[in-house]
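Colleague: I have a model open and would like to walk through it. Can you take my questions in whatever order they come?

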Amino acid sequence: MAESRSEKASNDTALRFYRDVLGLERLHYGIWNDDDELTFEALKEAQERYENFLLDSIPEGSTRILDVGCGTGEMCVNLQKRGYEVEGLSPDRNQKRYFAEKLKVPFHHYRFEEFEPEAGKYDCIIMSESCQYIPVDRVFENAALALKPGGHLMVCDYFVVDHDAGILSKSGHCRETFLKTAEEKGYQIVEQRDITREAAKTLDMGKLIADRILMAADMFTERFREKHSVCFKFVKWLGRKKIKKMEDQLPLLDSKRFSEVKRYEFYLFEKA
Ligand SMILES: C[S@@+](CC[C@H](N)C(=O)[O-])C[C@H]1O[C@@H](n2cnc3c(N)ncnc32)[C@H](O)[C@@H]1O
């Protein structure tokens with residue numbers, strides 16, 4: 001079922017951590033209610049709400065769907081349950097394995113920008129938080145090849161609106177460039193929704209998880225630190241670059257700053 005041309009299969013450690021350590025099958029933000037508590041259950045429900053919103057937004061009459069950056073294949077399972085003919089695509093070799101455990105449908109082991117689709121095959125292409133990894137012009141060019149005339153491209157992702165916010169400005173496409181490219185490549189926006197506020201709470205949950213992991217690390221190393229303080233200082237010195245990198249990344253879990261620098265948006269485009 002799987003075909004592959006990726007010379008260098010990728011292996012996303014962060015995404016493996018969410019799935020294998022935290023037990024999350026979905027690898028995207030959630031749509032939270034204002035009164036949701038920060039619990040794993042609420043996180044899973046928020047992610048399910050996000051996924052159901054995407055599935056409910058698939059235009060009527062669509063049959064064949066390509067899920068680009070399909071993660072562990074969870075959305076493809078639910079697309080299939082709703083009766084769609086579904087195919088998944090991801091460059092990640094672990095995700096290829098998880099997908100094969102869940103589904104017996106085509107899986108394309110490619111980066112989307114390298115994928116050579118059968119022309120006009122799909123009614124709808126879904127990019128659930130995967131668009132940001134694909135060069136923006138290739139998103140629209142390759143989707144245009146793969147979609148039937150009048151087919152739809154669904155993108156749900158975060159975009160950068162403030163380009164001077166350091167590390168926070170580094171992930172996500174520039175919103176202005178994204179929309180300009182869509183227009184230039186002949187796409188029309190059929191539906192749009194800003195979910196920044198509802199999605200940002202996912203970061204508060206991420207921060208809570210990070211704090212707990214740090215607390216556990218602190219507890220487990222307490223005896224060692226007390227008994228072998230010189231040795232501990234040396235180990236810390238050895239890991240100083242990794243520690244610095246982690247500290248530098250902490251602003252990425254600041255939901256307030258996220259909402260100032262980025263917009264998490266849903267777009268449904270139609271290709272003329
Ligand atoms: C944040 S995860 C989202 C996964 C899934 N769509 C979901 O919503 O749970 C990003 C996904 O994009 C995939 N990806 C990364 N680079 C890609 C590329 N160049 N082309 C296609 N998919 C890519 C990753 O392997 C992963 O499956």
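This is a predicted model: local features need pLDDT of at least 70, side-chain atom pairs count only at pLDDT 80 or more; totals for chains, interfaces and linings use all residues.

Colleague: How is the protein divided?

Modeller: Into domain 1 (2–197 + 257–271) and domain 2 (200–252), with bounds that come from an automatic or database domain assignment. The contact takes 19 residues from domain 1 and 13 residues from domain 2, where contact means heavy atoms within 4.5 Å. The C-alpha centres of the two domains lie 31 Å apart.

Colleague: What area is buried between domain 1 and domain 2?

Modeller: About 1300 Å², and carbon and sulfur atoms give 75% of that. Buried area here is the accessible area (1.4 Å probe) that two parts lose on being put together, summed over both.

Colleague: Which strands are joined to E6 by bridges?

Modeller: Strand E5 (residues 122–128) runs parallel to E6, with 6 bridges. Strand E9 (residues 262–271) is antiparallel to E6, with 9 bridges. Strand E7 (residues 173–174) is parallel to E6, with 2 bridges. Two strands pair if DSSP finds at least two bridges between them.

Colleague: Residue partners, please.

Modeller: Ile126 has Met154 in E6 as its bridge partner. Val155 stands opposite Tyr267 in E9, and Val160 is partnered with Cys174 in E7.

Colleague: What do E5, helix H5 and E6 make?

Modeller: A right-handed β-α-β unit, with H5 spanning residues 136–146. A crossover is right-handed if, with the strands pointing away from the viewer, the path from the first strand over the helix to the second runs clockwise.

Colleague: And E2, what does it pair with?

Modeller: Strand E3 (residues 85–89) pairs with E2 in the parallel sense over 5 bridges. The chain crosses from E2 through helix H3 (residues 74–81) to E3, and this β-α-β crossover is right-handed. E2 is also joined to E5, in parallel, by 4 bridges. Leu66 stands opposite Glu87 in E3, and its bridge partner in E5 is Ile125.

Colleague: Why is H3 described as largely enclosed?

Modeller: Because 6 of its 8 residues are buried, H3 is largely enclosed by the rest of the structure. Those buried residues are Glu74, Met75, Cys76, Val77, Asn78 and Leu79. They pack against H2, E2, E3, helix H4 (93–102) and E5. After H3 comes Gly83, with a positive phi near 95 degrees.

Colleague: You listed Cys76 there. How many disulfides are there?

Modeller: The count is 0 disulfides, a disulfide being a pair of cysteine sulfur atoms within 2.5 Å.

Colleague: Switching to loops. Where does Pro59 lie?

Modeller: In the loop between helix H2 (40–56) and E2. Pro59 counts as buried, at 15% relative accessibility. Leaving out residues up to four places away in sequence, Pro59 touches Cys124, His152 and Leu268. The C-alpha atoms of Pro59 and Glu270 are separated by 10.0 Å, although the two are 211 residues apart along the chain.

Colleague: Last one, Leu250: where is its place?

Modeller: In the loop between helix H9 (240–249) and helix H10 (255–261). At 43% relative accessibility, Leu250 counts as partly exposed. The C-alpha atoms of Leu250 and Val86 are separated by 37 Å, and these residues are 164 apart along the chain.

Key:
Residues are numbered from 1 along each chain as its sequence is written. Side-chain values use heavy atoms; hydrogens and water are left out. Buried means under 20% relative accessible area, exposed over 50%, partly exposed in between (1.4 Å probe, protein chains only).
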